[in-house]
Structures are given as C-alpha cells and as structure tokens.
Amino acid sequence: MNSRSDQPLRLGTRRSKLAMSQSGHVADAVRETTGRPVELVEITTYGDVSREHLAQIGGTGVFVTALRDALLRGEVDFAVHSLKDLPTAQPDDLVIAAMPPREDPRDALVARDGLTFEQLPDGARIGTGSPRRTAQLNHLARTLGKRIETVAIRGNVDTRIGYVRSGELDAVVLAAAGLNRIGRSAEVTEHLPVDSVLPAPGQGALAVECLASDADLIAALGRLDDPHTRAAVTAERSLLAALEAGCSAPVGALADLLADGQTVNEMRLRGVVGTLDGATLVQLSTTGPVPQSYDEAMALGRELADEMLAKGAAGLMGERSL
C-alpha cells in the first residue's frame, strides 16, 4: 500500500459503462472507509476488444488477465472484477480482499412489448452469449410446450437491448445486477425466477483484488467484505470448479441464505448443468448450516457437484459455461 496516506490509491477497472459504474461504487466505499483518495485507471482487456464469441476466446478469464497483469506490474493498487468473470483457480500472488454485498443475482428478460418469457410467441428469437442461459431457456421453453431460437450475441448493454428495440430479436437475457448498477432496471420485462433459470456462479457479486503481499491494503479493503456473500459465492464457485473438472456442460448455481425470523441459520445451494438444447438437465440442491469458513463453503460445493456427477452430469456435453 502506498505509505503516504494522501497518495491516491489506483483502482484498475475495465472501460465499459458497467465496469466503470461498479468500480465507481467500490471507489466511493474505499474513500469512505480509508479516508484515502481513489483514482480509476482504465484498462482495456482482450474480452473488450475481441468480437469473437466468449465461448471461443476462452470464456471467463478474457476480462481479467489485463487487470491482473496491471496489478502484478504495480500499475494499479487494486482491481474490481465481476466475480462471474474470474476463473475458479486463484493465483498465489493475488488475493480477493473483499466481496461487497451482492446485487440481485437473477437473470433478467428484456422483451419487446413488455412481454414475459411465457408470453413470447412460439419460435421467438432470444439473444444471449451464454451457453448456461441457452440450456436453461431451451429447457424452460420445452416445459411450456413451445420452441425458441437462441441467438448468440455480444456487446454492451446498449448494444444488446438495441437488438430488441430494432426488432431484430424478440428478447435478450442479461444479468439483473448489471442493469441495476447502470440504472436500466426499468427496462426489465421479467426477472427470470431462479427456480427456472439459475444464474452463473457468482453472478451479481464483485471481487476486489490486490497483491497478497500488501497486508495494509488487504486490511483496508477487507472492511468492504460481506461474509454472507463470500460464503455463498465460495460454495457456488467450488461447485463450478468441481463440475468443470468432470463435465463440459454449462453450469448454473446459486447459494441463498435461509433465515428463521431475523437469524440466518442455513444456506441452500442449487446447481444445474444441461445440454444446450435443454433436453436434459441435472438439477440438484442441498441445504445445511451456513459455512463458517472457506473450507466449509468449498466442501458444500464439492459435495453437491459429486452428487450431480453421480446423477449423470458427467455425461452431458456442451460448450464451456461463461
């Protein structure tokens, strides 16, 4: 950590409107808790400039590598990532110092004419770049007795919603958290229930990362950490890591905390893998005490993954989940 308390802390961020908004919220919180000035350092990542589909350019890590390189070179002091973009293996020389309270983890439908998923016409064209969403949307359509066509799309929120506004697509599916963070939640025509579509592991959560050797900065950033968010996303990412090792089908997961009155006493972890056409899904859940340590949260994810693999997840093939 810069020793002079008046030295600005440099926060590395992607340049997108969403990333800048997320990083701006974190910068405000760090200024408030540390009294230090914080400046945003914009970094272009390979995922931002490539026009290829994410599944083809390596999925999760493409938005992260440039930020991590800047940290390791000392060009920035800390970085903010969307947690669902982080690969499950954590480099030894970097540490996630904080996971602030999670935003809405659900997927959101933005459809023409204010339609819900159920109201979309048979054969509706729905835009998503995510194999995980494709599998579950196709499955949901099958349960409703209709057919949809999923169309692979990329681009920022404006670009994606623009496909619906122009009439090119009937709907797109985006993360509710991102729309909330940039003030576009009014455009959502339906929040897809997690009983039908489980989000990406870690969706809606942020990771604030810095050098593992910077004890002062780790302590300062740690004040932003939300233990419940950390327990939930650690379990989800553990499930993802175990399934990635044993199957290539897209993975959805959500851990939610179950409260008895005012006391949070249990955590339910749900996971799903499925074929892209939605014909086969393996979906299981487990409920137990809220994990009190990293190891307990990791164990919960691994146990559910083992059950899912035993139930046939290992035989499902698909593109890597995003």
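How many salt bridges does the structure hold? The structure, a predicted model, holds 21 salt bridges. The close-ups below visit some of them, along with the nonpolar cores and a few local features.

**View 1. E42 and R15 meet in a salt bridge.** The side chains of E42 and R15 come together at 3.4 Å, N to O. Because E42 belongs to strand β2 (residues 38–42) and R15 to the loop between β1 (9–13) and α1 (17–34), this pair ties together parts that are 27 residues apart in sequence. E42 is partly exposed, with a relative accessible area of 37%, and R15 is also partly exposed, with 47%.

**View 2. E236 forms a salt bridge with R102.** Here the closest N and O atoms are 2.9 Å apart. E236 lies in helix α9 and R102 in the loop between β4 (94–98) and β5, so the bridge ties together parts 134 residues apart in sequence. Take a look at E236 itself: its relative accessibility is 0%, so this residue counts as buried.

**View 3. D170 and R112 are joined by a salt bridge.** Their side chains meet at 2.7 Å, N to O. D170 sits in the loop between α6 (157–165) and β8 (171–175), while R112 sits in the loop between β5 and β6, and the pair links these distant parts of the chain, 58 residues apart. D170 counts as buried at 16% relative accessibility, whereas R112, at 28%, counts as partly exposed.

**View 4. The largest nonpolar core has 23 residues.** Of these, L239, L243, M267, V273 and M308 touch the most other members. Elements giving two or more residues to this core are α9 (227–246), β11 (251–260), β12 (263–274), β13 (281–289) and α10 (294–310), and α9 gives the most, with 6 residues. If you centre on M308 and leave aside its neighbours within four places in sequence, its contacts are L239, L243, G271, V272, V273, V282, L284 and A313. A second, separate core of 16 residues includes A27, A97, A98 and L224.

**View 5. D113 has a positive phi.** Its phi is near 55 degrees, and D113 is a residue other than glycine. For context, most residues other than glycine have a negative phi. D113 lies in the loop between β5 (107–111) and β6 (124–127), and it counts as exposed at 65% relative accessibility.

**View 6. K146 sits over the ring of F117.** The charged end of K146 is 5.6 Å from the centre of that ring.

Definitions and conventions
Residues numbered from 1 in each chain as written. Predicted model: local features only at pLDDT ≥ 70, side-chain atom pairs only at ≥ 80, totals over all residues. Heavy atoms only, no water. Lys NZ or Arg CZ within 6 Å of the ring centre and 35° of its normal. Helix = DSSP H or I, 4+ residues; strand = E, 2+ residues; numbered from the N terminus. Buried < 20%, exposed > 50% of the residue type's maximum accessible area, 1.4 Å probe, protein only. Core = buried A, V, L, I, M, F, W, Y, C linked by side-chain atoms within 4.5 Å. Contact = heavy atoms within 4.5 Å. Salt bridge = Lys/Arg side-chain N within 4 Å of Asp/Glu carboxyl O.
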